[in-house]
Amino acid sequence: MIVGDNLFTDIEAGANSGLDSLLVLTGYSTREEAARHAVQPTHIAKDLPEWQLRISL
């Protein structure tokens with residue numbers, strides 16, 4: 001899985017590499033932009049601590 005905050009670099013790199021992706025909303029891209037972006041992230045989380053909580057349940 002590739003993790004990043006930028007749809008245009010991180011998330012697209014993951015998609016182009018055949019990897020799942022996690023968009024963290026801590027920087028460049030927003031949830032609203034992700035909804036409209038041509039390449040959708042596999043997962044979206046507010047930040048890494050939120051993601052860690054979700055995967056540990």
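Why are Glu50 and Arg54 separated by about one helical turn? Because the two are four residues apart in helix α3, which covers residues 48–56. Helices here are DSSP runs of H or I with at least four residues, strands are runs of E with at least two, and both are numbered from the N terminus. The side chains of Glu50 and Arg54 meet in a salt bridge, 3.0 Å from N to O. That term stands for a side-chain nitrogen of Lys or Arg within 4 Å of a carboxyl oxygen of Asp or Glu, and the count by this rule comes to one.

Glu50 counts as partly exposed at 24% relative accessibility, and Arg54 is partly exposed with a relative accessible area of 38%. The cut-offs are: buried under 20% relative accessible area, exposed over 50%, partly exposed in between, using a 1.4 Å probe and protein chains only.

## What you're looking at

This is a predicted model, where local features need pLDDT of at least 70 and side-chain atom pairs count only at pLDDT 80 or more, while totals for chains, interfaces and linings use all residues. Residues are numbered from 1 along each chain as its sequence is written, and side-chain values use heavy atoms, with hydrogens and water left out.

## The nonpolar core

Leu7, Ile11, Leu23, Ala34 and Ile44 make up the largest nonpolar core, five residues in total. A core here is a set of buried Ala, Val, Leu, Ile, Met, Phe, Trp, Tyr and Cys residues joined through side-chain atoms within 4.5 Å. In soluble globular proteins, nonpolar side chains tend to be buried together.

Take Leu23: not counting residues up to four places away in sequence, Leu23 touches a list that includes Leu7, Ile11, Ala34 and Ile44, along with Gly4, Ser29, Pro41 and His43. Contact means heavy atoms within 4.5 Å. Ala34 sits in helix α2 and is buried, at 0% relative accessibility. With neighbours within four places in sequence set aside, Ala34 is in contact with Leu7, Leu23, Gln40, Pro41 and Ile44. Gln52, by comparison, is 18 residues from Ala34 in sequence and 21 Å away in space, C-alpha to C-alpha.

## Helix α1 and its two sides

Helix α1 runs over residues 7–17, and its buried residues are Leu7, Ile11 and Gly14. Looking down the axis of α1, these buried residues fall within an arc of 85 degrees, so they line one face of the helix. (The arc is taken from the directions from the helix axis to the C-beta atoms.) They pack against β1 (2–4), β2 (21–24) and α2 (31–36). Turn to the face pointing away from the buried side and you'll find the exposed residues Asn16 and Ser17.

Now for the ends. At the start of α1, a side-chain oxygen of Asn6 comes to within 2.7 Å of the backbone nitrogen of Phe8. Polar contacts like this are pairs of N or O atoms within 3.5 Å; within protein, one must be able to donate a hydrogen and the other to accept it, and residues adjacent in sequence count only if both atoms are side-chain atoms. After α1 comes Gly18, with a positive phi near 80 degrees.

## Ser29, a buried loop residue

Ser29 belongs to the loop between β2 and α2, and at 2% relative accessibility Ser29 counts as buried. A polar atom of the Ser29 side chain lies 2.9 Å from the backbone nitrogen of Leu7. Apart from its neighbours within four places in sequence, Ser29 is in contact with Asp5, Asn6, Leu7 and Leu23.

## Strands β1 and β2

β1 and β2 run parallel and are joined by three bridges; strands pair if DSSP finds at least two bridges between them. Across the pair, Ile2 stands opposite Ser21 in β2. Ile2, in strand β1, counts as partly exposed at 23% relative accessibility. Beyond four places in sequence, the contacts of Ile2 include Asp10, Ala13, Gly14 and Ser21.

Both faces of β2 are covered: Ser21 and Leu23 are buried on one side, Leu22 and Val24 on the other. Ser21 itself comes in at 2% relative accessibility, which counts as buried. The C-alpha atoms of Ser21 and Val3 are separated by 5.8 Å, though these residues are 18 apart along the chain. Setting aside neighbours within four places in sequence, Ser21 contacts residues including Met1, Ile2, Ile11 and His43.
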